[in-house]
2 protein chains.
Amino acid sequence: MHELVGGLRREFSNKILDEMTDAACLDIDKKRIAFSTDSYVIKPVFFPGGDIGKLAVCGTVNDLSMMGARPFVLSLAFIIEEGFRISDLKRITRSIKANADRAGVKVVTGDIKVVEKHAADGIYINTSGIGVIGKDDCKVGRKAKAADAIIINGHIAEHGLAVLNARENFGFESDIRSDCANLNHIVEDCMRSVKKISVMRDLTRGGLATSLNEIALSSNVGIDVFEDRIPIREPVRRLCDALGFDPLYVANEGKFISFVSGKDVNRVKKAMGKYASVIGQVTDKHKKEVHLRTDLGTSRLVPMLEADQLPRIC
Amino acid sequence: MHELVGGLRREFSNKILDEMTDAACLDIDKKRIAFSTDSYVIKPVFFPGGDIGKLAVCGTVNDLSMMGARPFVLSLAFIIEEGFRISDLKRITRSIKANADRAGVKVVTGDIKVVEKHAADGIYINTSGIGVIGKDDCKVGRKAKAADAIIINGHIAEHGLAVLNARENFGFESDIRSDCANLNHIVEDCMRSVKKISVMRDLTRGGLATSLNEIALSSNVGIDVFEDRIPIREPVRRLCDALGFDPLYVANEGKFISFVSGKDVNRVKKAMGKYASVIGQVTDKHKKEVHLRTDLGTSRLVPMLEADQLPRIC
């Protein structure tokens, strides 16, 4: 997958795409905007805590937010398998509307394609979004710098586990719900609280570990994470243990990390909500590597995984 | 389909979406942009005259152009069935790049999802696009007005037939090729040639007849079309006859119509190229109806068809 993405990126190489961020940032005349796209192929389409429609709004809204942009409008494109229930389509559509309203974005253009049986798996949704980056806003940067603190806004690994549990019928009783949520309002709170955030990243496919590795690589820094400060709920930890998953790599849909200077830590932490936690720090040692420091004082490398741990999770 | 689209539109009803145009037009601060999305599910992915990648660029570029916008950037999202050939993916990707270069647009953000066997049919592509509408440009309007002339830029029904012929193996020898092409440069020529174009529309799903009906409805006017002035190549006419298709309803991917005032006809016709033809006229009679006037002096109603004549044509 990384190779495939890399190959395709090279094909289209240009200054904007090469930044490899969640959304492209570009100027239309002198107006700076963010532009992002994602297709959603999650299975099942309904899961505890959300549905494909909610995900399609939150995912794209969050990608824009991570650039420091105010999400403004969405496009909405359905690929629907013949025979997909109209009642399910309506439920998904209402969910899209409700979550777009909550985020304060409008769906302004759309498309529907219907394909025959077995040419899709129920329904796939693409949303693309445009966000506005204000001149006077707090600047959200693209690079972490040494001594930055790393703050997370809450408990990890809930989306991936909720979806997997709903899909595979492991027989585990569980009330784990996806954390799927729009992050734009909380990001705006962060941006109001300080003048500069080095970088922000949502923790979707590949989870916290993948996001940390991507930032360590692109910023050419080392990252230390403190295991005991990473918020994980007990049922999540237990289910991960039972299934042999590392929660650091499990997808989230309502979690993000902010990298900020020491003087701004308290303000940003407060803006990130009551479950926010300072989980780590940037260092100019062990560049491009993420190290997990354990309660016992030991340390281990958190590698970039090549393969997706879980397919069709978003 | 019309009902489904109508129902979904009502769910999201807002001023921009309700305009029901090829692309949304909106203001970011005082900057006017067009925003459009389409998913491409065409079967087969390679066909005479094009491929799904070329189509995914041209389709979205053309939707933006029809709003009088200069296409600026594209997003690109793949849904790929496991086992889809890497060599085919590369061929499609190169085609996207070549056609984006030709149109002068950049792919600035993207997404790739891989789904398991039988959860898609090879490859689906979504492109969304942003175009810029200049303040000093010729204005492309949204409504036809009585006495406007209707100009088409060339021969109809070639995309639909080429795709169908490639898919169904009817056994007809045919050198019919899709007309798939970027229209943005020719549209810019039109806009440079006059101050105002009442409305422009590309003739994709549902063909010329559907586009004319949509405009007659939304502009509350009648439309007269002159059968003998509609450019159709002989092999297309013969294959349509043999298959029982009405070429007026067959999809195009490089054809569009412009509605202009009498004084501007010659200039716009010239800008629309050597195959351009004045095919009809707007009237304040028979409102919301499209009438086809034949060589024999008779006239028949060209209705809005409810069902798609051909599935997976784009």
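**Salt bridges and cysteines: a viewer tour**

Select Asp148(A) and Lys145(A): their side chains form a salt bridge, N to O 3.0 Å. The term means a side-chain nitrogen of Lys or Arg within 4 Å of a carboxyl oxygen of Asp or Glu. Asp148(A) is buried at 1% relative accessible area. Lys145(A) is partly exposed at 40%. Buried means under 20% relative accessible area, exposed over 50%, and partly exposed in between, with a 1.4 Å probe and protein chains only.

Some ground rules. This is a predicted model, in which local features need pLDDT of at least 70 and side-chain atom pairs count only at pLDDT 80 or more, while totals for chains, interfaces and linings use all residues. Residues are numbered from 1 along each chain as its sequence is written, chains are lettered from A and ligands numbered from 1 in the order in which they are written, and side-chain values use heavy atoms, with hydrogens and water left out.

**Across the chains**

Colour the pair by accessibility. Asp111(A) is buried at 7%. Arg205(B) is partly exposed at 28%.

**Along a helix**

Move to helix α7 (residues 234-243) of chain A. Select Glu234(A) and Arg237(A), whose side chains meet in a salt bridge at 3.7 Å, N to O. Why are they about one helical turn apart? Because they are three residues apart in α7. Glu234(A) is partly exposed at 43%, and Arg237(A) is partly exposed at 36%.

Next, select Asp38(A), Arg205(A), Asp111(B) and Lys113(B) together. Salt bridges with shared partners join these four residues into one network.

**Cysteines**

Now show the sulfur atoms. How many disulfides are there over all chains? The count is zero, where a disulfide is a pair of cysteine sulfur atoms within 2.5 Å. Centre on Cys180(A), which is in no disulfide. Its nearest cysteine sulfur belongs to Cys58(A), 3.9 Å away. Cys180(A) is buried, at 4% relative accessible area.

Last stop: Cys190(A). This residue is buried too, at 0%.

Note on methods: Helices (H or I, at least four residues) and strands (E, at least two) are DSSP runs, numbered from the N terminus.
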